[in-house]
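Trainee: I've got a model open and I'd like to learn how to read it. Can we go through it together?

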Amino acid sequence: MGTQPGTILVTGGAGFIGSNFLLGTVGGGRARVVTLDKLTYAANKDNLAPLDGDERHTFVQGDVGDRGLVLSLLRAHRPQAIVHFAAESHVDRSIDGPGAFVHTNVVGTFELLEATRAWLAEAGEGTRESFRFVHVSTDEVVGSLGPTGLFREDTPYAASSPYSASKAASDLFVRAYHRTYGVPTITVNSTNAYGPHQFPEKLVPLMVLGCLEGRPLPVYGDGGNVRDWIFVQDLCDGLHAALLHGPPGESYLFGARNEQTNLDMVHAICDVFDDLHGAEPGTSRRLVTFVADRPGHDRRYAVDPGRAERELGWRAAVPFREGLRRTVSFYLDNPAWCAAVQARYARERLGLGK
Ligand code: NAD
Ligand code: TDX
């Protein structure tokens, strides 16, 4: 695509990564944006409050699986790109209730692709060449690594959880719509993101809020599972680079070369928390409590982001400690945000499959 796109349709923009993409990457007058979000439990419309009154931003509450609605938005706004964040995103909830994951991640993505295909067919010459459909996906589609090695773009899919199976299916539909119908898609499979606006069912905000209240910090199993953490703004900047520079049909793995065991990650959060909160060093670490493991828990994810770095001119840049400080600070500085999201979820244990 090469230049700043015109209008962008962003799905799932009221969630964690989507809101960071809107506020930090494309919003605030940098592009005309239409946000389509169903406003599930994981969304917070207040995340987008800085865009209130911005005539270049339009918010629409609706389901990506509503093909008629999506088609009407495409006809009305004629976007040059769709960036597709909308999903059910929490592994533990997918263990308790996989149906919503099939509905949104598989069928919703399929309906969005169908609307896009129909619109590209009617939009006229030239539209398809400059159009991009950026599909935001996860490294979890390739399952668990052993103690060594890295995921690469050609690692075979071997999803473990209902969440990752649903994302894997969506990736394959996206690929099929490029190969079969010529929809200009780009897929990004990212490692775990952390940062402001993440719903506190996920490890990082759950631990920060636990530290704040002096409650036990539940670490699944032996705490030795490894995740590869990327700061959310780095991920969003990479998605923008993929939108501008990624050739249609490609997929890229994003990561920050930042592998941590869960126990090390929790300790790092505790230490940053104690420092920012003025607590005695070591206070929060004492709250760590080992609890029953997640069923089917993948042992290790780790990504080689080399291809994305070479081809997109992008590289994760925020140092881990700085990203963690910015993250912990957000939850400490925004008690109203934390209270609002916890009205829908009181941080109870999820995902034991009962
Ligand atoms: P999130 O759960 O915080 O937000 C998801 C958003 O999608 C919410 O605003 C929700 O209301 C919306 N949504 C859900 N179902 C919808 C539907 N049917 N129609 C319209 N909107 C709907 O998720 P997130 O962590 O921001 O993840 C965004 C995307 O990035 C997802 O596709 C996820 O699979 C992917 N991803 C996330 C991570 C991570 O670490 N969080 C890592 C890699 C990839
Ligand atoms: O209380 C907890 N204790 C714990 O030990 C929670 C909530 C999690 N964990 C562990 C499980 C994982 O190994 O921490 C790790 C991270 O867990 P989550 O925050 O639930 O993330 P994960 O399962 O790795 O998936 C996340 O990253 C990839 C996102 O939720 C996905 O949307 C993304 O695709």
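**Reading the ligand site and the cores**

Mentor: Start with the ligand: Tyr163 has a side-chain N or O atom 2.6 Å from an oxygen atom of ligand 2. That is a polar contact, meaning a pair of N or O atoms within 3.5 Å; within protein, one must be able to donate a hydrogen and the other to accept it, and residues adjacent in sequence count only if both atoms are side-chain atoms. The model is a predicted one, where local features need pLDDT of at least 70 and side-chain atom pairs count only at pLDDT 80 or more, while totals for chains, interfaces and linings use all residues. Residues are numbered from 1 along each chain as its sequence is written, chains are lettered from A and ligands numbered from 1 in the order in which they are written, and side-chain values use heavy atoms, with hydrogens and water left out.

Trainee: Which backbone atoms lie by ligand 2?

Mentor: A polar backbone atom of Pro218 is 2.8 Å from a nitrogen of ligand 2, and a backbone N or O atom of Tyr220 is 2.9 Å from one of the ligand's oxygens. The protein covers 94% of the 650 Å² of accessible area that ligand 2 has on its own (Shrake-Rupley method, 1.4 Å probe).

Trainee: Which elements give two or more residues to the shell around ligand 2?

Mentor: Helix H7 (203–213) and strand S8 (217–220) do. Elements are DSSP runs numbered from the N terminus: helices are H or I with at least four residues, strands E with at least two.

Trainee: Is Glu201 buried or exposed?

Mentor: Buried means under 20% relative accessible area, exposed over 50%, partly exposed in between (1.4 Å probe, protein chains only). Glu201 counts as buried because its relative accessibility is 4%. Glu201 sits in the loop between strand S7 (193–194) and H7, and its side chain makes a polar contact of 3.0 Å with that of Tyr41.

Trainee: How many residues does the largest nonpolar core have?

Mentor: In soluble globular proteins, nonpolar side chains tend to be buried together. A nonpolar core is a set of buried Ala, Val, Leu, Ile, Met, Phe, Trp, Tyr and Cys residues joined through side-chain atoms within 4.5 Å. Here the largest has 34 residues, and Leu239 and Phe254 have the most contacts inside it. Helix H8 (232–245) gives the most to this core, seven residues. Another core, of 32 residues, lies apart from it and includes Val208, Met265, Phe330 and Trp337.
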